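The following note sets out points for a colleague who is examining this model. The points are numbered so that each may be checked against the structure in turn.

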Amino acid sequence: MTRPRPPVLTLIGDTPLLPLHFPETGRTLYAKAEFLNPSGSIKDRLALAIIEDAEERGLLRPDSIILECTSGNTGISLAMVGAAKGYRVKILMSESASVERRHLIRQLGGEVQLFAANRGYATGIELSLELAAQDPRIFLPRQFENPLNALDHELATGPEILAQLGGPADAFVAGYGTGGTLTGCGRALKAARAATRILAMEPAEAAMLSGEMPCCHHIEGVAGGYVPPLLRDAKLDGVIKVSSADALAMTRRLSREFGLLVGTSSGANITAALRTACDLPPTAKVVTILCDRAERYYSTKLFAEPPTP
Ligand SMILES: Cc1ncc(COP(=O)(O)O)c(C=O)c1O
């Protein structure tokens with residue numbers, strides 16, 4: 001039986017869908033405000049779903065250690081859920097992930113272990129498997145392959161979008177880290193209308209779905225040098241490449257013109273969604289995700305002064 005949720009965890013999900021109008025194009029996008037989840041990102045949903053499922057299946061004990069490899073947001077979410085429920089949490093993170101993420105995880109009582117930035121997610125995943133083989137207390141949420149990741153978006157985020165839109169979408173555009181958002185929301189939206197276009201946003205510098213070699217980019221949280229297994233099930237209708245420069249410019253625009261303090265992947269998603277909307281009739285409903293908050297990027301390029309034109 002699921003235990004009652006500690007108060008902070010009742011704030012997860014049911015985020016608003018914001019209509020954002022871009023006058024120069026005559027288009028309005030619909031953006032799911034996932035940065036309003038209590039730890040500040042879309043990953044709160046996955047952390048709660050996986051931990052509650054593990055509790056129901058008797059996989060978590062008071063001395064369990066929740067261990068995950070993550071670019072940061074999942075780590076913050078797991079540390080928050082672990083703090084609220086009293087579990088120890090250890091996070092393996094690339095040293096390229098913003099330092100704010102490490103601070104937030106530690107502030108929530110989580111432990112952080114860094115691995116070399118040039119190795120991508122695969123290195124961290126291998127390390128988590130090695131550590132788990134040595135310590136029976138370790139529970140691995142396995143966000144990259146756990147079907148609950150996509151399932152939770154299929155059963156919660158996707159239906160929320162449909163209810164908030166008042167019907168099906170014409171297109172859904174999102175970046176991928178684990179692929180959970182794209183796969184799960186994509187399934188829910190396609191089930192409502194098979195013609196809904198599901199489009200992956202990926203950094204132009206790391207366009208792996210487009211068959212290119214991953215290189216350095218500034219859209220933190222997406223395309224970590226790895227095409228995730230969850231994406232194999234995604235029924236994608238296309239891929240939109242967004243450069244780091246365009247993502248940073250749009251993220252700053254969202255803050256300055258819309259008052260939205262969001263992270264760089266949100267700017268990238270909006271850029272890709274706007275391009276999609278411009279190829280569709282003006283009344284088309286194009287949905288995307290505002291993944292996390294700007295405050296976790298103070299030390300990154302997002303807060304460096306933009307170059308003068
Ligand atoms: C900032 C940010 N944006 C987008 C994503 C992509 O979400 P998903 O893992 O569901 O593909 C992530 C995932 O870590 C993220 O941290």
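**Notes on the predicted model**

1. Ile 51 has its place in helix H1, which spans residues 43-56. The model is a predicted one, and the points below should be read accordingly. Is Ile 51 buried or exposed? With 20 or more other C-beta atoms within 10 Å a residue counts as buried; Ile 51 has 25 such atoms, and is therefore buried.

2. Which residues does Ile 51 touch, once its neighbours within four places in sequence are left aside? The contacts are with Val 81 and Lys 85. Gly 82 stands 31 residues from Ile 51 in sequence, and the C-alpha to C-alpha separation of this pair is 8.5 Å.

3. The chain is assigned two domains: domain 1 comprises 7-41 + 150-303, and domain 2 comprises 43-139. Their C-alpha centres are 23 Å apart. To the contact between them, domain 1 gives 26 residues and domain 2 gives 22 residues. On the side of domain 1 that touches domain 2, helix H5 (residues 147-165) makes the greatest contribution, with three residues. By class, this side of domain 1 holds 13 polar, eight nonpolar and five charged residues.

4. Leu 67 has Lys 90, in S4, as its bridge partner. Strand S4 (residues 88-94) is mostly covered, since six of its seven residues are buried.

5. The largest nonpolar core contains 52 residues. Those with the most contacts inside this core are Phe 172, Val 173, Leu 182, Leu 189, Met 201 and Ala 272. Helix H8 (residues 264-278) provides the largest share of the core, namely five residues. Another core, of 25 residues, lies apart from the largest one and has among its members Ile 12, Ile 50, Val 81 and Tyr 87.

6. Neighbours within four places in sequence aside, the residues in contact with Met 201 include Val 173, Ala 174, Gly 175, Ile 240 and Val 242. Ala 268, Asn 269 and Ala 272 are also in contact with Met 201.

7. Which residues come nearest to the ligand? Of the 17 residues around the ligand, these are Gly 177, Thr 178, Thr 181, Gly 221 and Ser 265. The shell has 12 polar, four nonpolar and one charged residues. Helix H2 (73-85) and helix H6 (180-192) each provide at least two residues of the shell, and H6 has the largest share, with three residues. Domain 1 and domain 2 each contribute at least three residues to the shell around the ligand.

Key. Residues are numbered from 1 along each chain as its sequence is written. This is a predicted model: local features need pLDDT of at least 70, side-chain atom pairs count only at pLDDT 80 or more; totals for chains, interfaces and linings use all residues. Domain bounds come from an automatic or database domain assignment. Two residues are in contact if their C-beta atoms, placed from the backbone, lie within 7 Å. Helices (H or I, at least four residues) and strands (E, at least two) are DSSP runs, numbered from the N terminus. Ala, Val, Leu, Ile, Met, Phe, Trp, Tyr, Cys and Pro count as nonpolar, Asp, Glu, Lys and Arg as charged, and the others, Gly among them, as polar. A residue is near a molecule or strand if its C-beta atom, placed from the backbone, lies within 6 Å of it. A nonpolar core is a set of buried Ala, Val, Leu, Ile, Met, Phe, Trp, Tyr and Cys residues joined through C-beta atoms within 7 Å. A residue is buried if 20 or more other C-beta atoms lie within 10 Å of its own, exposed if 12 or fewer, and partly exposed in between; C-beta atoms are placed from the backbone. Two strands pair if DSSP finds at least two bridges between them.
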